[in-house]
Amino acid sequence: MALDDLNLQIYGCKKCRLWQGAKHGVPGEGPLNAKVMFVGQNPGADEDETGRPFIGRAGKFLTKTLTEYGVKREDIFITNIVKHFSPKNRQPFEDEVRACLPYIITQIKIIKPDIIVLLGASAKETPRLDGIEYIQIIHPSAAMRFTKMGEKFRIQIADLAQRIHQA
Ligand code: SF4
């Protein structure tokens with residue numbers, strides 16, 4: 001399946017209740033041949049407004065930190081496990097995550113990244129596919145809020161950047 005077709009399915013999806021309170025489906029974005037995929041939990045308010053992933057404060061912080069270590073956001077495919085915003089930004093329920101999983105599985109199969117970076121514990125439901133290295137790092141929103149986590153996040157991004165440059 002082509003990514004554009006998948007995106008259309010996501011925009012029109014009603015497989016769980018989340019579409020009802022959302023303005024836009026947020027499939028994710030990035031090059032088809034990305035070697036690295038970043039996965040978060042689900043879109044926030046800014047992402048819901050625009051239909052684009054990780055463009056709010058946490059997303060900007062992530063992009064800035066990656067840039068500092070020589071990693072261009074344009075080279076990364078960035079998405080979330082769940083493709084619609086949740087009411088009051090609550091965590092998606094289990095049945096919502098389950099309903100949405102086929103989309104990220106298809107995205108992984110289309111893009112075939114070498115590395116999948118899980119942003120925080122919230123991305124833990126990301127399906128594990130053979131032949132892909134999974135790396136969990138602190139979520140940028142936590143890194144922004146807590147100094148210690150911010151320091152650790154920076155180290156994790158530095159390590160990740162080195163890994164990406166070697167790939
Ligand atoms: S969150 Fe996922 S499963 Fe639920 S309506 Fe949106 S695209 Fe469909």
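Two strands pair if DSSP finds at least two bridges between them; strands (E, at least two residues) and helices (H or I, at least four) are DSSP runs, numbered from the N terminus. The model is predicted, so that local features need pLDDT of at least 70 and side-chain atom pairs count only at pLDDT 80 or more, while totals for chains, interfaces and linings use all residues. Residues are numbered from 1 along each chain as its sequence is written, and side-chain values use heavy atoms, with hydrogens and water left out.

**View A. Strand E1 and its parallel partners.** Strand E1 is joined by four bridges to strand E3 (residues 115–119), and the two run parallel. Within E3, Leu118 is the bridge partner of Val39. E1 also pairs in the parallel sense with strand E2 (residues 76–80), over five bridges. Here Asn80 of E2 is the bridge partner of Gly40.

**View B. Burial of strand E1.** Strand E1 (residues 36–40) is largely enclosed by the rest of the structure, because five of its five residues are buried. Buried denotes under 20% relative accessible area (1.4 Å probe, protein chains only). Val36, Phe38 and Gly40 point one way from the strand, and Met37 and Val39 point the other way.

**View C. The largest cavity.** A cavity is a set of points, on a 1 Å grid over the protein atoms alone, where a 1.4 Å probe fits but cannot get out; lining residues have an atom within 4 Å of a point. The largest cavity has a volume of about 100 Å³, the volume being the space filled by probe spheres set on the points. Its lining comprises 14 residues, of which Cys13, Cys16, His84, Cys100 and Tyr103 are the closest to the centre. Helix H4 (residues 94–111) supplies the largest share of this lining, four residues.

Key: Buried < 20%, exposed > 50% of the residue type's maximum accessible area, 1.4 Å probe, protein only. 1 Å grid on protein atoms, 1.4 Å probe; cavity = no way out; pocket = protein on both sides within 12 Å on 5 of 7 lines; lining within 4 Å.
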